[in-house]
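I set out to record what I looked up in this model, entry by entry. The sequence and structure come before the notes.

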Amino acid sequence: RYNAGSDPFVINRNINRLNMPVIRRTLINCSLEEDEQNPYYTGVLNTLSNHCCGSIPIPIVLLEEDTICDAVEDRFQEWGVENEVGSAIRDLRRTAARSGIAVAIPYKMKTNHPIKLGFQVIGAEYFQSPGYNPEVYEGIEYWPNNDIKAVWIQEEGKLEPTRYKEEDIIVFTRKRVHKHWPECASAFNTYPSIRRYMTNILKSAENQTSIPMALELDPAYYTPFTNDLRGKFEYEPGFIPTLPPGAKLTGLNFAQVADDRSKFVDLMVGTAARCIDMPTILALSDSSDSNMATAHIDLQPWAYAVKIDRFDYEKPIRKIFWMWYNMATMWPGYLPRAAMKYPRPPIIFHYNVLFEHPDPVKRANAREADLLSGASTLTRIYSQDGLTARREIKKECKLLGITPEQYFKLLLASRSKTSASNQTPGENQNDPQQQRPSKTGVRRLQRGAS
């Protein structure tokens, strides 16, 4: 018997520790095994990490000095490419979904880049408790309020696990069923029955391809009491066998309904995908049975789920950014000297767009409508392609030989013409007050470009 006391945090922690670690470890091993043997489960994890992280989250620095903003954004993406940071960010999200919790340990990479910061991703299967320690549970050390204090990792070539403080590493976990459980843990409860079903389907397919034959005897020649044939009749494939009188070969019907195999695949994929709110058509990468309307209905909830996941995952991304930024400001000449005045500049992150309409004309019309209504900005539209609106406008102005102010006037004039052409017949199109760009529109455009 264990007396937890009256502290609710202690009670919560003790309940979590008494939550049968054997089950959690079994689920982690099952997830690792499915990831190695089940291509559908591997695809579900890959789709989750790719859609959540994209190529690499793009930081947009919100400072008045454009020089600092351009330098920080360019240097971060350059560092991400040289040190494979985007791959580490995706791997951290994937490993957390596979084993329930994952850590990214910073280390010094062997690279020619001046910022040699890299990350090694490790899953919960390598967590190891250092002997008896009441504060360490399954390789995780907790504070009294149940927050993670440190993790103990069993490294190769060492007898004792190594302790890493939480503030020195990147830790991410997403609670879906229980804390620190694999995110698709609920699917593993039905996988044993699915495995048996798969075994029966494979046996049926093997019997169907092997074409089993049976020796049929004529009752006029053979009776149960006389001339009874026993044993097996051996024959070579491709030869016409010579049978005894009154005997013939009959093929056995082992045909399997094709719909059973397709239902099995849907069940295997949909069970794991449902745990993370992923539609089956996306997990299968097969939309042959759905049109554009039904696919949009299936994919729209997934887009909401990805937005929520990106919001929860931004904490480790920001921590990675601040680790890099602290090292970048200390490296002489890497960033402008004025950047040292901002130890924590305000930033926001943009990601690759999830889904686009296949028609480029409709995509262009949708972007135009969003800009006119103020539902989107140039910064958001350019960032979806990994670009910065401020920098791209400067390049366009240099190519056209005009100033950014002239470029903005051209944009506003084109928008006002578009708005005038879209007016209803009852509106006065000759009123100069309606055709003149509003101050709010000018400020919105400048804010979107900056």
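Entry 1. I asked how far the backbone nitrogen of Ala124 lies from a polar atom of the side chain of Ser99. I found a separation of 3.3 Å, and I applied the polar-contact criterion: a pair of N or O atoms within 3.5 Å, where within protein one must be able to donate a hydrogen and the other to accept it, and residues adjacent in sequence count only if both atoms are side-chain atoms. I note that the model is predicted, that local features need pLDDT of at least 70 and side-chain atom pairs pLDDT 80 or more, while totals for chains, interfaces and linings use all residues. Residues are numbered from 1 along each chain as its sequence is written, and side-chain values use heavy atoms, with hydrogens and water left out.

Entry 2. I placed Ser99 in helix H5; helices (H or I, at least four residues) and strands (E, at least two) are DSSP runs numbered from the N terminus. Ser99 counts as buried because its relative accessibility is 0%; buried means under 20% relative accessible area, exposed over 50% and partly exposed in between, with a 1.4 Å probe and protein chains only. Leaving aside neighbours within four places in sequence, I listed the contacts of Ser99 (heavy atoms within 4.5 Å) as Ile28, Gly123, Ala124, Glu125, His180 and Pro182.

Entry 3. I turned to the largest nonpolar core, which has 39 residues; such a core is a set of buried Ala, Val, Leu, Ile, Met, Phe, Trp, Tyr and Cys residues joined through side-chain atoms within 4.5 Å. Trp79, Phe119, Phe321 and Trp324 have the most contacts inside this core. Among the elements supplying at least two residues each are H4 (66-82), strand E3 (117-123) and H9 (292-330). H9 gives the most, with 9 residues. I also recorded a second, separate core of 26 residues, which includes Tyr41, Leu45, Trp181 and Ile276.

Entry 4. I examined how H4 packs on H9 and read an angle of about 105°, with the axes 11 Å apart. Axes are lines fitted to C-alpha atoms, for helices over the stretch in contact, and angles run from 0 to 180 degrees between N-to-C directions. H4 and H9 are therefore roughly perpendicular to each other, a label for angles of 65 to 115 degrees. Val72, Arg75, Phe76 and Trp79 of H4 meet Ile320, Phe321, Trp324 and Tyr325 of H9.

Entry 5. I found Tyr325 in helix H9, with its side chain reaching the backbone oxygen of Ala339 at 3.0 Å.

Notes. Angles under 35 degrees count as roughly parallel, over 145 as roughly antiparallel, 65 to 115 as roughly perpendicular and the rest as oblique.
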